[in-house]
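Reader: I am new to protein models. Could you show me how to read one, feature by feature?

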Amino acid sequence: MKKDTVSAPFEPIVDDSIADSRIKIANFLPDPESRLDSILMKCKPISDSSIPYRNLTDSSTKRESIARLIDKLDASVSIRYQRTIEDTYCNVYTFDYCYFSKVYVPTVWWTDDALQKVLEGEEVEAVYGKTVDHIYSSAIHDWFLKWGASFGWKRMFEVDEIQTKVNTNGGIGIICAKRKEKGLSGHIVPVVPETDLNSAYRENGVVVYPLQSQAGKLNYNYFSEVKKDWWNDELYSSYVFYYHE
């Protein structure tokens with residue numbers, strides 16, 4: 001969470017489902033100092049050849065490799081994702097999960113000036129504090145609405161639907177909620193495939209609380225019922241569900 005907050009709403013972002021071919025990924029190269037056992041370089045991809053990427057061969061290999069990825073990232077114990085006095089790291093964990101799943105969610109994003117140059121076709125290098133800056137979960141909520149379609153994300157509206165797609169296809173699901181108080185962190189989590197040992201919570205056969213994985217105030221490799229429908233908490237002004245094959 002961030003200090004110096006105010007109780008003011010964010011400007012509403014209109015859902016833009018049309019991809020914009022002009023937009024480019026804002027990202028850094030993997031850094032040897034970005035590691036699971038370190039708090040350094042959280043804005044950069046992890047440089048660790050032992051972390052498995054999602055195997056895109058078919059739905060079965062996707063699901064199996066996602067399970068291995070969750071085990072390897074091990075949010076419940078990895079130093080990279082543990083909360084500090086200043087902050088929690090749901091966005092960092094989600095970035096890592098998506099990066100190794102071969103889909104894009106930003107952990108840094110273009111500054112306004114740099115974004116305009118990118119949209120005008122200029123080649124812009126990602127330089128922290130100049131052309132890119134950190135993007136936190138409340139702003140990622142708006143990023144999905146504005147730019148998600150440009151990076152292959154499809155908006156969904158029911159947790160049962162997103163859990164079914166994740167289970168069936170081995171795709172990537174996301175729940176992202178925006179805080180009411182501007183300047184405070186929202187929350188973002190992956191929705192993950194069910195396993196023999198971990199399942200979503202259903203009522204009358206319908207998913208009510210999907211199976212998720214997160215870093216935050218508490219870190220869970222897998223959870224469902226323990227946090228119930230957290231995205232409906234009064235702390236949040238809005239939430240979105242997104243899916244990527």
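Author: Let us start with the surface. This is a predicted model. The chain exposes about 12,200 Å². Carbon and sulfur atoms supply 50% of that area.

Reader: What share of the 245 residues is buried?

Author: Buried residues make up 49% of the chain. Here "buried" means under 20% relative accessible area.

Reader: How does the radius of gyration of the chain fit a compact globule?

Author: Compare two values. A compact globule with 245 residues would have a radius of gyration near 18 Å. The chain has 17 Å, so the two agree. Its C-alpha atoms fill a box of roughly 50 × 40 × 40 Å along the principal axes.

Reader: How many helices and strands does the chain have?

Author: The secondary structure comes to 5 helices and 10 strands. Look at helix H4, residues 137-147. It is mostly covered, with 9 of its 11 residues buried.

Reader: Which residues of H4 are buried?

Author: Among them are Trp143, Phe144, Leu145 and Trp147. Ser137, Ser138 and His141 are on the list too.

Reader: What is the idea behind a salt bridge?

Author: Side chains of opposite charge can pair when their charged atoms come close. In this structure the count comes to 7 salt bridges. One of them joins Asp142 and Lys178, at 3.1 Å from N to O.

Reader: Where in the chain do Asp142 and Lys178 lie?

Author: Asp142 lies in helix H4, and Lys178 in strand E4, residues 172-179. They are 36 residues apart in sequence, so the pair ties those parts together.

Reader: Are Asp142 and Lys178 buried or exposed?

Author: Both residues are buried.

Reader: What does Glu245 pair with?

Author: Glu245 forms a salt bridge with Lys165, with the closest N and O atoms 3.7 Å apart. This pair links distant parts of the chain, 80 residues apart. Glu245 sits in the segment after strand E10 (236-244), and Lys165 in helix H5, residues 159-169. Glu245 is partly exposed, with a relative accessible area of 39%. Lys165 is partly exposed as well, at 27%.

Reader: And which residue does Asp37 bridge to?

Author: Its partner is Arg35, with the closest N and O atoms 2.7 Å apart. Asp37 counts as partly exposed because its relative accessibility is 49%. Arg35 is partly exposed too, at 35%.

Reader: What is a disulfide, in general?

Author: A disulfide is a covalent bond between the sulfur atoms of two cysteines. This structure holds 0 disulfides. Cys43 is in none, and its nearest cysteine sulfur, that of Cys90, is 16 Å away.

Reader: Which residues form a nonpolar patch on the surface?

Author: Ile39, Leu40, Met41 and Ile79 form it. Together they have about 350 Å² of accessible area. Ile39 is found in the segment before helix H1 (59-73). At 56% relative accessibility, Ile39 counts as exposed, because the cut-off for exposed is over 50%.

Notes:
Residues numbered from 1 in each chain as written. Predicted model: local features only at pLDDT ≥ 70, side-chain atom pairs only at ≥ 80, totals over all residues. Heavy atoms only, no water. Patch = residues over 30% accessible without salt bridge, like charges linked within 9 Å, V, L, I, M, F, W, Y side chains within 5 Å. Areas by Shrake-Rupley, 256 points an atom, 1.4 Å probe, with all protein chains shown as cover. Salt bridge = Lys/Arg side-chain N within 4 Å of Asp/Glu carboxyl O. Helix = DSSP H or I, 4+ residues; strand = E, 2+ residues; numbered from the N terminus. Buried < 20%, exposed > 50% of the residue type's maximum accessible area, 1.4 Å probe, protein only. Disulfide = S-S within 2.5 Å. Rg over C-alpha atoms; globule rule 2.2 N^0.38 Å.
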